[in-house]
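Please look at the sequence and the 3D structure shown here. The text after them walks through the side-chain links.

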Amino acid sequence: MNIVYLHGKESSPNSNKRKLLESLGHKVSAPFLDKNNWEQSVSSAREAINTIKPDVIVASSRGAAVAMATNTPVPLVLIAPAWAKYCPWSTCRANTVILHSKTDKVIPYKESVKLSHAAGAELIEIGSNHRMNSKEVYETLSEIIENKAKSQ
C-alpha cells in the first residue's frame with residue numbers, strides 16, 4: 001500500500017510512526033513540513049499526494065491539519081489532529097479515522113469529538129498523551145491500515 005505520512009510540528013519525516021508503517025511493508029513517502037511555514041507545508045503535502053497517489057494518508061497533529069487543508073479525497077487517518085489551531089475552516093470526509101487521547105494536554109480531545117461529529121468520521125479514543133507513541137496506539141494504527149489495505 002502507498003502511504004503519505006505527514007508529521008507533526010515537533011516531529012520529522014523520519015518519525016517512529018513512519019518507521020512503523022514501513023515495518024508493516026508499506027511504501028511510505030513523508031515530505032518535510034516546515035513548522036514555520038504553513039503554505040510550504042500544504043504545498044509539499046499536495047505535491048506528495050499528487051505524485052505518490054497514495055491509498056491512504058496518515059497524519060499526526062499539525063500534519064493532520066495539513067492533510068485536511070489539502071482537501072484530498074484520499075482516506076485519512078488523523079492522529080491527535082490540530083485542525084482547530086491551524087485550519088479551523090477545514091473538515092475531513094466520512095472515510096476518515098481519528099485517533100486521539102482523552103488525556104492529551106496539547107490538543108484537546110473535544111476538538112476531535114467536534115470534527116468527528118461534523119464529518120461523520122470514526123473517532124477512536126486511545127493513548128495517554130499527545131505523542132501517541134504507545135504500543136496500544138501503534139497496534140491500533142497497524143490494524144486500521146491493514147483494514148484499509150484489505151478494502152482496496
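Predicted model: local features only at pLDDT ≥ 70, side-chain atom pairs only at ≥ 80, totals over all residues.

Residues are numbered from 1 along each chain as its sequence is written, and side-chain values use heavy atoms, with hydrogens and water left out.

The structure holds 3 salt bridges, a salt bridge being a side-chain nitrogen of Lys or Arg within 4 Å of a carboxyl oxygen of Asp or Glu. One of them joins Glu10 and Lys35, at 3.6 Å from N to O. This pair links distant parts of the chain, 25 residues apart: Glu10 is in the loop between strand 1 (2-6) and helix 1 (16-23), and Lys35 is in the loop between strand 2 (27-29) and helix 2 (38-52). Helices (H or I, at least four residues) and strands (E, at least two) are DSSP runs, numbered from the N terminus.

Another salt bridge, at 3.0 Å, joins Arg18 and Glu22. Both residues lie in helix 1, 4 residues apart, about one turn of the helix. Arg18 is buried, at 15% relative accessible area, whereas Glu22 is partly exposed at 35%. Buried means under 20% relative accessible area, exposed over 50%, and partly exposed in between (1.4 Å probe, protein chains only).

Turning to cysteines, the whole structure has 0 disulfides, a disulfide being a pair of cysteine sulfur atoms within 2.5 Å.
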